[in-house]
Amino acid sequence: MNKIFPQGDDNGSAAAGTKALPGGEGDMPRSLPSFLVARCGDPSSWIYSDQKCDGVNNCGDCSDELSPVTACPPCGPGWWRCPSTVFKYCGCIPRVLCQDHTQHCSDWSDEYSCPGP
């Protein structure tokens with residue numbers, strides 16, 4: 001996840017009460033085509049488009065994986081759909097985590113329903 005910081009005026013001085021990073025670091029890249037970047041649910045955060053629907057919580061609020069911000073296809077064959085207890089994942093966990101004697105789904109379906117890898 002990347003944060004957008006106000007950049008101040010053209011002279012490089014930041015507006016009062018804001019943080020400006022040298023060289024525009026943290027700002028949404030304007031040099032890239034818009035289809036390569038995606039905003040998160042938090043409007044001050046963004047990710048690269050290829051990080052959407054990859055099963056990983058890249059935005060920190062799952063907005064890159066779940067509706068209404070993102071419409072992702074169902075879990076792929078290597079994933080199990082469940083309400084995850086692991087912050088890294090949102091609506092699916094990797095099947096390699098199934099039946100490993102550790103709860104990864106709030107309903108325990110990873111241990112009792114998931115067929116495993």
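Are cysteine 82 and cysteine 105 buried or exposed? Both of these cysteines are buried.

1. **Confidence first.** The average pLDDT of the protein chain is 78, and 76% of the residues score at least 70. Among the elements, α1 has the highest mean pLDDT, at 95, while strand β1 (residues 2–3) has the lowest, at 64. Over residues 5–25 the pLDDT is below 50, and this stretch has 19 contacts in the model beyond near neighbours in sequence. Where pLDDT is low, the predicted coordinates should not be read in detail.

2. **The overall layout.** You will find one helix and five strands in the protein chain. Read from the N terminus, the order of the elements is β-β-β-β-β-α. The chain has 117 residues, of which 32% count as buried. Of the contacts with a separation of 6 or more, 25% are between residues 24 or more positions apart.

3. **The disulfides as a set.** A disulfide is a covalent bond between the sulfur atoms of two cysteines. The structure holds six of them. If you number the bonded cysteines of the protein chain in sequence order, the pairing reads 1-3, 2-5, 4-8, 6-9, 7-11, 10-12.

4. **Cysteine 82 with cysteine 105.** This is the pair from the opening question. Their sulfur atoms are 1.9 Å apart and form a disulfide. The link is left-handed because the torsion about its S-S bond is about -70 degrees. Cysteine 82 sits in the loop between β4 and β5, and cysteine 105 in the loop between β5 and α1 (109–112), so the bond ties together parts that are 23 residues apart in sequence.

5. **Cysteine 62 with cysteine 90.** Here the S to S distance is 2.3 Å. This disulfide is left-handed, with -95 degrees about the S-S bond. The pair links distant parts of the chain, 28 residues apart: cysteine 62 belongs to the loop between β3 and β4, and cysteine 90 to the loop between β4 and β5 (92–94). Cysteine 62 and cysteine 90 are both buried.

6. **Cysteine 75 with cysteine 92.** The sulfur atoms of this disulfide are 1.7 Å apart. It is left-handed, with -75 degrees about the S-S bond. Since cysteine 75 lies in the loop between β3 and β4 while cysteine 92 is in strand β5, the pair ties together parts 17 residues apart in sequence. Cysteine 92 has a relative accessible area of 13%, so this residue counts as buried.

7. **Aromatic pairs.** A pair of aromatic rings is described by the distance of the centres and the angle of the planes. Three aromatic pairs turn up in a search of the whole structure. One of them is edge-to-face because the planes of tryptophan 46 and tyrosine 48 meet at 85 degrees, with the ring centres 5.0 Å apart. Tryptophan 46 is buried, at 4% relative accessibility, whereas tyrosine 48 is partly exposed, at 36%. Tryptophan 79 and tyrosine 89 have ring centres 5.9 Å apart and planes at 70 degrees, so this pair is edge-to-face. The pair links distant parts of the chain, ten residues apart, with tryptophan 79 in strand β4 and tyrosine 89 in the loop between β4 and β5. Tryptophan 79 is partly exposed, at 24% relative accessibility, while tyrosine 89 is buried, at 13%.

8. **A glycine in the β3–β4 loop.** Which loop holds glycine 60? Glycine 60 lies between β3 (45–48) and β4 (79–81). Its relative accessibility is 33%, so glycine 60 counts as partly exposed. Cysteine 40 is 20 residues away along the chain, and the C-alpha atoms of glycine 60 and cysteine 40 are separated by 8.7 Å.

9. **The annotated region.** An unreviewed UniProt entry places the feature "domain: LDLRAD1-like C-terminal" at residues 73–112. In the model, the end C-alpha atoms of that span lie 24 Å apart, and the span is 10% helix and 15% strand.

Technical notes
Residues numbered from 1 in each chain as written. Predicted model: local features only at pLDDT ≥ 70, side-chain atom pairs only at ≥ 80, totals over all residues. Heavy atoms only, no water. Helix = DSSP H or I, 4+ residues; strand = E, 2+ residues; numbered from the N terminus. Buried < 20%, exposed > 50% of the residue type's maximum accessible area, 1.4 Å probe, protein only. Disulfide = S-S within 2.5 Å. UniProt positions renumbered as here; feature names shortened; annotations may be inferred. pLDDT = per-residue confidence, 0-100. Contact = heavy atoms within 4.5 Å. Phe/Tyr/Trp six-rings, centres within 6.5 Å; stacked < 30°, edge-to-face > 60°.
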